[in-house]
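Me: I have a new protein model to read, and I would like to understand the words used for it. Could you go through it with me?

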Amino acid sequence: MRSDIREVHGSMDGTGQRVGVVLSRFNGLVTGQLYEGAEDALIRHGVSPSDITVVHVPGAFEIGLVARALAARDDIDAVICLGAVIRGETPHFDYVAAEAAKSIGAASERFGKPVIFGVLTTENVDQALQRAGVKGGNKGAECAQTAIEAVNLLRALQ
Ligand code: INI
């Protein structure tokens, strides 16, 4: 890229950031692992434990509603949404996954804050566990890093 083009990067320093986490209990074995990954990454990147607020919800369908309430708060800079929707034998999966995606996106748009989509949508438990740190990456950790970078990007653009 030419040197006279302005570039904006978001730093990965989370010092002083206040982060809300919406954590779904449904498929708790998976979502618990997602949370562990997110907590570890937040703290590694400088977020203070006392600046993390975790709200527990029954299932992914309820995540967006609570994410919206968190994003509305002046003392929250970003929200990380963690859930796991695993396909069963009925179309229920599609409704739950669609509502989670729609309402999480809407919360971000409504409040102009990062509301990060950490809801796994998988065919089976194995696929979900693999993405929750059992093999390879942990989506929760990835979401925590994304939240920190996005907060810093928005600040850099103000
Ligand atoms: N919630 C999930 O988070 N994951 C699922 O896989 C799931 N399935 O498959 O049913 C699920 N259902 C519950 C849903 O999120 C709501 O809590 C429930 O429908 C009450 O509104």
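**Helices and sheet**

Reply: Let's start with two helices: the axes of H1 and H5 cross at roughly 40 degrees and come within 6 Å. Axes are lines fitted to C-alpha atoms, for helices over the stretch in contact, and angles run from 0 to 180 degrees between N-to-C directions. The model is predicted, so local features need pLDDT of at least 70 and side-chain atom pairs 80 or more, while totals for chains, interfaces and linings use all residues. Residues are numbered from 1 along each chain as its sequence is written, and side-chain values use heavy atoms, without hydrogens or water.

Me: What makes H1 a helix, and where does it lie?

Reply: Helix H1 covers residues 28–44. Helices (H or I, at least four residues) and strands (E, at least two) are DSSP runs, numbered from the N terminus.

Me: Which residues make the contact of H1 with H5?

Reply: H1 brings Leu 34, Gly 37, Ala 38, Ala 41 and Leu 42, and H5 brings Lys 139, Gly 140, Ala 141, Ala 144 and Ile 148. They are in contact (heavy atoms within 4.5 Å).

Me: What makes E1 and E2 a pair?

Reply: Two strands pair if DSSP finds at least two bridges between them. Strand E1 (residues 19–24) has 6 bridges with E2, in the parallel sense, so the pair qualifies. Leu 23 stands opposite His 56 in E2.

Me: Why are E2 and E4 called edge strands?

Reply: The order in this open sheet of 4 strands is E2-E1-E3-E4, with parallel pairing. Strand E2 (52–57) and strand E4 (115–122) each have a single partner strand, so one side of each has no neighbour in the sheet. On average, neighbouring strands are turned by 15 degrees against each other, direction ignored.

Me: Where do the helices meet the sheet?

Reply: H1 packs on the sheet, touching E1, E2, E3 and E4, and its direction makes about 155 degrees with that of E3. Helix H5 (residues 139–157) lies across E3 and E4, at about 160 degrees to E4.
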